[in-house]
Amino acid sequence: MKHAPEGRSIEARRSSCCGVLRLILPLLSLLPLSLAAQTDRVTPYIPASDSVVLQLVPPTTDPRVRQFERLRSDFNARPHDSAKAVLLAQAYVDYGRSTGDARYLGRAMAIIEPFMASPTPPIPVMLVHATIQQSRHSFKASREELELILKRDPGNVQALLTLATVAMVQGDHERANRLCVDLTNEAGNFMGMICTASLRSLSGQGKQAYALLSYVEDPGPKAPPEIRAWIQGLMADTAARMGNADLADAHFRKALQQTPGDNFLLADYGEFLIDQGRAREAIDLVGGDAQSDTSFLVRVTAEKALDLSGAKADIAEMNARFQSMDQRGDHVFLREEASYLLHVEHDPKTALDLARQNWQEQHAPKDVRVYLEAALAANEPLAAKPALDFIDRTHLKDVTIDPLVVQLRASKPQGSSVVDSAVIAASASHPTPQGSNR
Amino acid sequence: MTFRRLLLALFTLVIGFIPLSALAHKESDAYLNLRTDPANDHRMHGQWDIALRDLDYAIGVDANHDGAITWGEVQARRVAIENYALSRMQVKGDGLTCDMQPTGQKIDEHTDGAYVVILFDAVCDKNIPSKLTIDYRLMYDLDPYHRGIVTIHSGDKIAGAVLGPGNPVASLDLREPDRWGEFKSFVTDGIWHIWTGIDHILFLLSLLLPAVLIMRRTKPRGGGWRLGAAVAEGSGALMVLAPRSSGYRWEPVATFWPACLDVIKIVSAFSLSHSITLSLAVLGYVHVPSGLVESGIALSVMVAALNNVYPLVNKRVWLIAFAFGFIHGLGFASALSGLQLPAGAMAASLGGFSVGVEIGQEAIVLAFLPIAFLLRRTRFYQVAMLRWVSVLIVLIAAGWFVQRAFDILIPGFSAILPA
């Protein structure tokens, strides 16, 4: 890992030699999770001594931190220069994305926000703004803004890409397809192909998608590792969707070689391993980063699947984390929470509620899956109608989803719950404006 | 398209294409708890947990930039942390800003890392708040997604709110407006205001000192008064040498009641006039710059004391009390300045304060009068008390006057007596 991962509650004697400290820090993050489990201390305390380390933050030895400082002083020198603001905000967004630390999205937003006050903000400013909104799962707002950008600058490659992605996440495949065509015209075959392949992969055309991706699998020696990791990740997902586990596994590993420690990849691969009945490997994969909620969620799910002794404490910790997320009031983690309630807490009713709320915003395969699973577990097959209709419309094929569809279509709701679930299904098909009230 | 541009586009593409990336950490939160004190209606105990990561970003806590924030580093930044945080949040009781007093620093562990715990008291000493309002501005300029998770406990009532830049204010009705409690609390304020306001006490004392004595003129007024003698007397320097000055002498009153009546007249006149200006000023009808008021008060003390040394008015001392009472009332009003209370609370606080001032001054009178009456025949009272003390008061008041009117600091003076 390039940066010292953040940990907490680590009591370490400060070494007089910084070099030694630097070596120790990454190891500290591997400290057992028992520390994390007891993190919700009920009462504030006074640490035993001045040298107690309370919190790890990115050190100035991290080149990215030094880059922040350089960009920050550039921006401070010219605080009205939107180009400087965009550079700094973009650096924060990138860092937040790769580490999964959501605080950096807020910091980027604070820098960019003053420039949004103008009736026609500079397009780069709007792009960063839309990217942040999208990263925070505010897809509707992000989409509207990206459409505005494309009205002003129809050939804007980043806007086309981002919008295509949002359209795919929201299940609007027609719009995504048109955007992929525009992208090919504006940015060339390379990106057009990846865009189209991503869409095919979601539309039951996994073989075509995989073939397209293999054309661009090697983007040349000058391509940054993030690009390679991203293509490998898409290939892994596509292979997994087609049921080719070995191939998927190989691609996940290649992706992680490019960007070790990437928060999104770790969670994605971890979930895949649990699906494959390789929960112990999933724990080994994500075990080191208890600080990341997504990695920790994979860990807890795997521990539960294996019925490990440590599961209980970690489940309590995970509950506390979901609780503190709920306290904020905005739910970015609905799908993850639904899946957790289903597989770890075995609470299908609440899981179905959350899956249904999540469905208002997101229609990616994992959203479809948790919706169907929750409907089955709650014995409310009719509640899954919106997702089943979606599958009919998009021809989505996925080995983790297909059997659920078969089960749902075959199952008949038990007696009295027919009316209830029909009502629920009907209400679910009319999205409420803010479906996040629980 | 050049390859370079392609790479650039590709890089942005990576960012664009991973919206599915679930966020690994929750966003920035802080936890603010406020608890009313059952023993003290004016005080709330607060606990504010703020993430070390946020504070490090906002004001820097990791002093040596090694990426590890230690307890020592947190302690070293305690004042900076408290100043930063407490200036970004206001607690208001019925619209009046309460004073924030940090009381301690601790650490707490939340699900996403270590938090500094700022322990503080919000002191709402202007009134007894019936409605509490939190105005929350932490991180508003650094992270629009920061949220303050606020919980207010008042007895068995609990209110919660999630505050942030878009929604910074939360309120809780703590109790039914307690007008009687407010009245009582302002009575205490009024009493203390007069007891600790030494200039008011000296003014009153100067007027009361001669009340147990009667001035008898030994010569007809205006006859044979030489300027030199007057100056000598006025300066006080020669008074010890010439205790029996020409023109008049003091005689003790024969019975208690005339003296008492005299005192009642003085005190009532003072009360009447200062109540008028106190009310007018607090209600906002009159505004006199505080510099002018303070110098006026100093001048009034000087005049009242000088009248004992160089008597011009004896029978109608209450007139001095009445005239200068107006300016003292304006001075009392400064203690209530900034009160923008709802009408009911305003009536309670103003009434309470006035009553308190009265009680405070009656207490002084009650303590003074019997002693003065007993001592009235002694040379100690007639010379030491009446003359020397009055001269001392003149000097002190002159010092105040110079300091307040001309904004000059007399070295050593403030150390002896508060300006």
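Colleague: Which residues touch the most other members of the largest nonpolar core?
Modeller: A:Ala89, A:Ala108, A:Ala164, A:Leu183, A:Tyr371 and A:Ala374 do, in a core of 117 residues. A nonpolar core here is a set of buried Ala, Val, Leu, Ile, Met, Phe, Trp, Tyr and Cys residues joined through C-beta atoms within 7 Å. Buried means 20 or more other C-beta atoms within 10 Å of a residue's own; exposed means 12 or fewer, and partly exposed is in between, with C-beta atoms placed from the backbone.

Colleague: Which helix gives the most to this core?
Modeller: Helix H8 of chain A, residues 157-169, with 10 residues. Helices (H or I, at least four residues) and strands (E, at least two) are DSSP runs, numbered from the N terminus.

Colleague: What is A:Ala164 in contact with, leaving aside neighbours within four places in sequence?
Modeller: A:Ala176, A:Leu179, A:Cys180, A:Leu183 and A:Cys195. Contact means C-beta atoms, placed from the backbone, within 7 Å.

Colleague: Which residues are in the other core?
Modeller: That core lies apart and has 60 residues, among them B:Leu204, B:Ala259, B:Ala298 and B:Ala321.

Colleague: What should I know about the model and the numbering?
Modeller: This is a predicted model: local features need pLDDT of at least 70, side-chain atom pairs count only at pLDDT 80 or more, and totals for chains, interfaces and linings use all residues. Residues are numbered from 1 along each chain as its sequence is written, while chains are lettered from A and ligands numbered from 1 in the order in which they are written.

Colleague: Chain make-up next. How many helices and strands are in chain A?
Modeller: Chain A has 23 helices and 1 strand. Of its 438 residues, 51% count as buried.

Colleague: And how many in chain B?
Modeller: 13 helices and 13 strands. There, buried residues make up 46% of 419.

Colleague: What share of the contacts in chain B join residues at least 24 apart?
Modeller: 75%, among contacts between residues at least 6 apart in sequence. In chain A, residues 24 or more positions apart account for 55% of the contacts with a separation of 6 or more.

Colleague: Helix packing now. At what angle do H10 and H12 of chain A pack?
Modeller: About 25°, with the axes of H10 (residues 189-201) and H12 (residues 225-242) 10 Å apart. Axes are lines fitted to C-alpha atoms, for helices over the stretch in contact, and angles run from 0 to 180 degrees between N-to-C directions.

Colleague: Parallel or antiparallel?
Modeller: H10(A) is roughly parallel to H12(A). Angles under 35 degrees count as roughly parallel, over 145 as roughly antiparallel, 65 to 115 as roughly perpendicular and the rest as oblique.

Colleague: Which residues of H10(A) and H12(A) meet?
Modeller: From H10(A), A:Ile194, A:Ala197, A:Ser198 and A:Ser201. They meet A:Ile231, A:Leu234, A:Asp237, A:Thr238 and A:Arg241 in H12(A).

Colleague: What's in the loop between H11 and H12 of chain A?
Modeller: A:Pro219 is one of the residues there, with H11 spanning 206-215. A:Pro219 has 17 C-beta neighbours inside 10 Å, so A:Pro219 counts as partly exposed. Leaving aside neighbours within four places in sequence, A:Pro219 is in contact with A:Ile227, A:Arg228 and A:Ile231. A:Pro219 and A:Phe190 are 29 residues apart in sequence, but 8.7 Å apart in space, C-alpha to C-alpha.

Colleague: How do the axes of H18(A) and H19(A) cross?
Modeller: At roughly 160°, coming within 8 Å. That makes H18(A) roughly antiparallel to H19(A).

Colleague: Where does A:His346 lie?
Modeller: In the loop between H18 (334-343) and H19 (348-361) of chain A. A:His346 has a positive phi of about 50° although it is not a glycine. Most residues other than glycine have a negative phi.

Colleague: Is A:His346 buried or exposed?
Modeller: Exposed, because A:His346 has 10 C-beta neighbours inside 10 Å.

Colleague: What about the phi of A:Asn379?
Modeller: Positive, about 55°, and A:Asn379 is not a glycine either. A:Asn379 is found in the loop between H20 (365-377) and H21 (385-394) of chain A. With 15 other C-beta atoms within 10 Å, A:Asn379 is partly exposed.

Colleague: Over to chain B. How do H6(B) and H9(B) cross?
Modeller: At roughly 25°, with the axes of H6 (residues 198-208) and H9 (residues 290-309) coming within 8 Å. H6(B) and H9(B) are therefore roughly parallel to each other.

Methods. Two residues are in contact if their C-beta atoms, placed from the backbone, lie within 7 Å.
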